[in-house]
Amino acid sequence: MTTTPHLLGPAGRVAAIGVSAAFGTFGELLQGVLPERDGDFLVTLPVARWAMARFEPDPAAPGLAVRPHHKKKALRLTGMIMADARHPAGGLLTIDSTLPEGKGLASSSADLVATARAVANALGEPMPPRRIERYLARIEPTDGVLYPAVVAFHHRSVRLRAELGSLPSMAVVGVDEGGAVDTVHFNTLPKPFTAADRRQYARLLDRVTRAVARRDLAEVGRVATASARMNQVLRHKWSLEPMIDICERIGGLGVVVGHSGTALGILLDTRAPDCHAKLAAAARRCQELMGDVTVYRTLSFH
């Protein structure tokens, strides 16, 4: 959405303050490599945490600025869009996010998608998902937060593979092993997956695709746990097996992780009559294991 127009751009086009948002994810339900060219892929788990972007064009300004100042990739994206729109490159971009950085919650992807939409709103430019993908492919590997669904996404080439659908809302009892991961650097690392591993990832993708279509949360949880375990050879998490043990003890659906981050979470079905008791038990045990615990809610799209 935009506010009341207040500036004139090239050829008399109206510019306005543009505002938009993008949701984050809690890690990935599945991430790995398929037995095909450009086989790196992930399956998203959207959560109710957002990055919000506000862009105010100012042709009289000496250039573009961003707040907070370290959001340099969003600033670069703003300049790319304005150059393509042939608009004077001046203005202020402000990003406000509830997604912690470097944890595997798609904070950078959400920043960039929200920025692209806010700048497009301000300039009156169309910004469909495929156009955003083309921009983001020039900047960094990207999560599939452009789409209001659970999606299979080729994050290295920034390309949608398939929209899988929507799931009933789940709670995620989340913990953090600490530190931060540079996603760009992580995605340059060679992946030590064998041909058999790649075939297994293809089977897991088939399973989660069917599970989402059936809205089968138990199967979704099993796939998430299997993917978390397979990822241990790439980015080991010392707390994964203890978290799986907690999940099994309290009757959770499975454990989901930020494959390129530091977050882990236990999935719970919020529709279950004993969900509150399970959530309390999971939070207590996770706190004993890790300390701080954060509860997230997944997004269900219609």
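## An exposed arginine

Arg 86 is exposed, because its relative accessible area is 72%. Here, exposed means over 50% relative accessible area, buried means under 20%, and partly exposed lies in between, with a 1.4 Å probe and protein chains only. Arg 86 sits in the loop between α1 and β6. Its phi is positive, at about 55°, although the residue is not a glycine.

This is a predicted model, in which local features need pLDDT of at least 70 and side-chain atom pairs count only at pLDDT 80 or more, whereas totals for chains, interfaces and linings use all residues. Residues are numbered from 1 along each chain as its sequence is written, and side-chain values use heavy atoms, with hydrogens and water left out.

## Overall form

The protein chain has eight helices and twelve strands. Both are DSSP runs numbered from the N terminus: helices are H or I with at least four residues, strands are E with at least two. The C-alpha atoms fill a box of roughly 65 × 40 × 35 Å along the principal axes.

Of the 302 residues, 54% count as buried. Among contacts with a separation of 6 or more, 73% join residues 24 or more positions apart. A contact means heavy atoms within 4.5 Å.

## Surface and charge

The protein chain exposes about 12800 Å², and carbon and sulfur atoms supply 54% of that area. Accessible areas come from the Shrake-Rupley method with a 1.4 Å probe; for residues, only the protein chains shown count as cover.

There are 37 positive and 29 negative side chains, and the centres of the two sets lie 3 Å apart. Lys and Arg count as positive, Asp and Glu as negative; His and the chain ends are not counted. Each charge is placed at NZ of Lys, CZ of Arg, CG of Asp or CD of Glu.

## Nonpolar cores

In soluble globular proteins, nonpolar side chains tend to be buried together. The largest nonpolar core here has 79 residues. Such a core is a set of buried Ala, Val, Leu, Ile, Met, Phe, Trp, Tyr and Cys residues joined through side-chain atoms within 4.5 Å. Phe 26, Leu 29, Leu 30, Val 43 and Leu 267 touch the most other members. Helix α2 (residues 107-123) gives this core its largest share, ten residues. Apart from this core lies another, of 21 residues, including Val 173, Leu 264, Leu 268 and Ala 283.

What does Val 43 touch, leaving aside neighbours within four places in sequence? The partners are Glu 28, Leu 29, Leu 30, Val 150, Val 151, Ala 152, Leu 164, Leu 205 and Val 208.

## Helix α3 and its cover

Helix α3 spans residues 129-137. Its residues Arg 131, Ile 132, Glu 133, Tyr 135 and Leu 136 are buried.

## Ser 97 and Asp 111

Ser 97 lies in strand β6 (residues 91-97). With a relative accessible area of 25%, Ser 97 is partly exposed. Beyond four places in sequence, Ser 97 touches Trp 50, Ala 51 and Asp 111. Ser 108 is eleven residues from Ser 97 in sequence, and their C-alpha atoms are 9.8 Å apart.

Asp 111 belongs to helix α2. Asp 111 counts as buried, because its relative accessibility is 6%. With residues up to four places away not counted, Asp 111 touches Ala 51, Lys 71, Ile 95 and Ser 97.

## Gly 254

Gly 254 is in strand β10 (residues 254-257). Its relative accessibility is 3%, so Gly 254 counts as buried. Outside four places in sequence, Gly 254 is in contact with Gly 221, Thr 225, Cys 247, Gly 265, Ile 266 and Leu 267. Between Gly 254 and Ser 108 lie 26 Å, C-alpha to C-alpha, with the two 146 residues apart along the chain.

## Backbone exceptions

Most residues other than glycine have a negative phi, and most peptide bonds are trans. The peptide bond from Arg 67 to Pro 68 is cis, with omega near -5°. Pro 68 is in the loop between β5 (64-67) and α1.

Ala 106 has a positive phi of about 65° although it is not a glycine. This alanine is found in the loop between β6 and α2. Is Ala 106 buried or exposed? Ala 106 is buried, with a relative accessible area of 11%.
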